[in-house]
Amino acid sequence: MEGTVIKSTGSWLTVLDSNNDTYNCKLKGKFRIKGIKTTNPVAVGDNVVFDLEKESKTGTIRQIKTRQNYIIRKATKLSKVSHIIAANIDQALIIVTLAHPRTSTGFIDRFLVTTEAYHIPAVIVFNKIDLNDEKIEKFQHELTEIYQSAGYPCLSVSALKGTNLNDFVNALKDKRTLVSGHSGVGKSALINAIQPGLELKTKELSGYHKVGMHTTTFAEMFKLSFGGFIIDTPGIKEFGLIEFDRKEVAERFPEMRKFMHDCKFNNCSHTHEPECAVIKALKMGAISLSRYENYLSILSDDYWEKTENDYRST
Ligand SMILES: Nc1nc2c(ncn2[C@@H]2O[C@H](COP(=O)(O)OP(=O)(O)OP(=O)(O)O)[C@@H](O)[C@H]2O)c(=O)[nH]1
Ligand SMILES: [Mg+2]
Ligand SMILES: [Zn+2]
């Protein structure tokens with residue numbers, strides 16, 4: 001039998017087959033991705049082959065089909081172990097709130113660097129716009145200009161008031177979408193707002209200020225009645241980057257990618273070198289200061305040093 005993992009809660013996985021039937025499955029044997037350590041060998045979105053036990057709805061997974069892609073993150077910047085958030089996705093949505101809680105551009109840019117590394121299209125969704133005052137409204141406008149000109153579509157919605165939910169539906173239609181972002185930004189609330197009947201748990205207003213409380217505790221995929229699938233995930237605090245070459249960081253910024261081939265030195269780090277086309281574009285306003293600063297911050301992560309040493313020692 002074959003199906004897609006729609007839920008993973010430790011040792012049991014829920015698998016959906018093409019007839020819309022679900023099965024509880026366990027893993028048999030060892031599954032590994034070459035070269036990386038992961039906390040979960042099988043993730044939501046994985047296509048699997050499983051054997052069904054006689055006259056029951058439980059089975060054993062014996063094969064994971066080749067992943068078209070996956071999105072992975074580390075628990076923290078320095079953590080050695082990665083977590084596969086989801087596999088085989090068409091796009092990733094990052095839900096951002098500028099009022100409560102405040103999402104930093106550093107978090108957004110780390111997320112986008114990861115989706116770029118996997119060539120997964122990303123969309124930025126500003127939620128809770130009903131809470132925006134004039135100052136936040138202006139800030140959201142600035143960010144929208146920055147990210148749209150870098151090539152990322154931006155939506156502006158309110159799950160609570162139902163504002164612009166049509167845009168949200170249009171972005172999801174017929175695609176398999178991963179929804180990510182900090183805890184409390186309204187990921188589950190947004191999914192509830194566009195797909196009645198799911199009744200996903202959302203944070204009670206009374207428990208709103210409790211620190212470290214995640215309402216959604218595991219990733220789960222849902223079928224959308226208007227076409228497509230959506231994956232709700234637990235909120236994350238920071239987005240630890242996966243490993244790739246430090247020299248590739250600039251390439252993960254589409255607006256820097258456009259200029260970097262005109263730098264005088266082909267190993268230019270775009271930090272101090274003379275005749276750097278990226279710094280020139282920054283000065284001309286073609287690259288935003290906030291994106292450039294986050295580029296520098298990613299470059300200065302201790303983690304790269306560690307990775308490079310690791311490579312050397314193996
Ligand atoms: N004012 C306002 N509140 C909202 C909006 N969307 C969601 N909320 C509230 O924000 C809180 C958090 O929403 P959730 O959907 O639980 O957030 P989440 O991102 O799923 O959080 P985790 O599951 O912990 O990652 C709830 O109290 C929602 O009612 C919105 O558009 N405006
Ligand atoms: Mg949630
Ligand atoms: Zn340069």
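Colleague: Which residue in β5 is the bridge partner of Lys 26?

Modeller: Thr 60 is the partner of Lys 26. Bear in mind that this is a predicted model.

Colleague: OK. In which sense do β3 and β5 pair?

Modeller: Parallel, over four bridges. Strand β3 covers residues 22-27, and β5 covers residues 58-64.

Colleague: And how does β4 run relative to β5, parallel or antiparallel?

Modeller: Antiparallel. Strand β4, residues 47-52, is joined to β5 by five bridges.

Colleague: How many residues sit between β4 and β5?

Modeller: Five, and the two strands form a hairpin. In the turn, Glu 55 has a positive phi of about 50°.

Colleague: Switching to Gly 3. Where does it lie, and is Gly 3 buried or exposed?

Modeller: Gly 3 lies in strand β1, residues 2-9. Gly 3 is buried, because 23 other C-beta atoms lie within 10 Å, and 20 or more is the cut-off for buried.

Colleague: What does Gly 3 touch, leaving out residues up to four places away in sequence?

Modeller: Gly 3 touches Val 15, Leu 16, Asp 17, Tyr 23, Val 48 and Phe 50. As for Val 48, its C-alpha atom is separated from that of Gly 3 by 5.6 Å, though the two residues are 45 apart along the chain.

Colleague: What about the chain as a whole, how many helices and strands?

Modeller: Eight helices and 13 strands. Of its 314 residues, 33% count as buried. Among contacts between residues at least 6 apart in sequence, 65% join residues at least 24 apart.

Colleague: On to the helices. At what angle do α1 and α7 pack?

Modeller: About 70°, with the axes 10 Å apart. Angles of 65 to 115 degrees count as roughly perpendicular, and α1 and α7 are therefore roughly perpendicular to each other.

Colleague: Which residues meet there?

Modeller: From α1 (residues 105-117), Thr 105, Gly 106, Asp 109, Arg 110 and Val 113 take part. They meet Ser 290, Arg 291, Asn 294, Ser 297 and Ile 298 in α7. By class, that contact has two nonpolar, five polar and three charged residues.

Colleague: Last one: which residues come nearest to ligand 1?

Modeller: Gly 186, Ala 189, Thr 202, Thr 216 and Gly 235, out of 24 residues around ligand 1. The shell divides into eight nonpolar, 12 polar and four charged residues.

How values were computed:
Residues numbered from 1 in each chain as written. Chains lettered and ligands numbered in written order. Predicted model: local features only at pLDDT ≥ 70, side-chain atom pairs only at ≥ 80, totals over all residues. Buried ≥ 20, exposed ≤ 12 C-beta atoms within 10 Å, placed from the backbone. Contact = placed C-beta atoms within 7 Å. Pairing = 2+ DSSP bridges. Axes fitted to C-alpha atoms, helices over the stretch in contact; angles between N-to-C directions. Parallel < 35°, antiparallel > 145°, perpendicular 65-115°, else oblique. Nonpolar A, V, L, I, M, F, W, Y, C, P; charged D, E, K, R; others polar. Near = placed C-beta within 6 Å.
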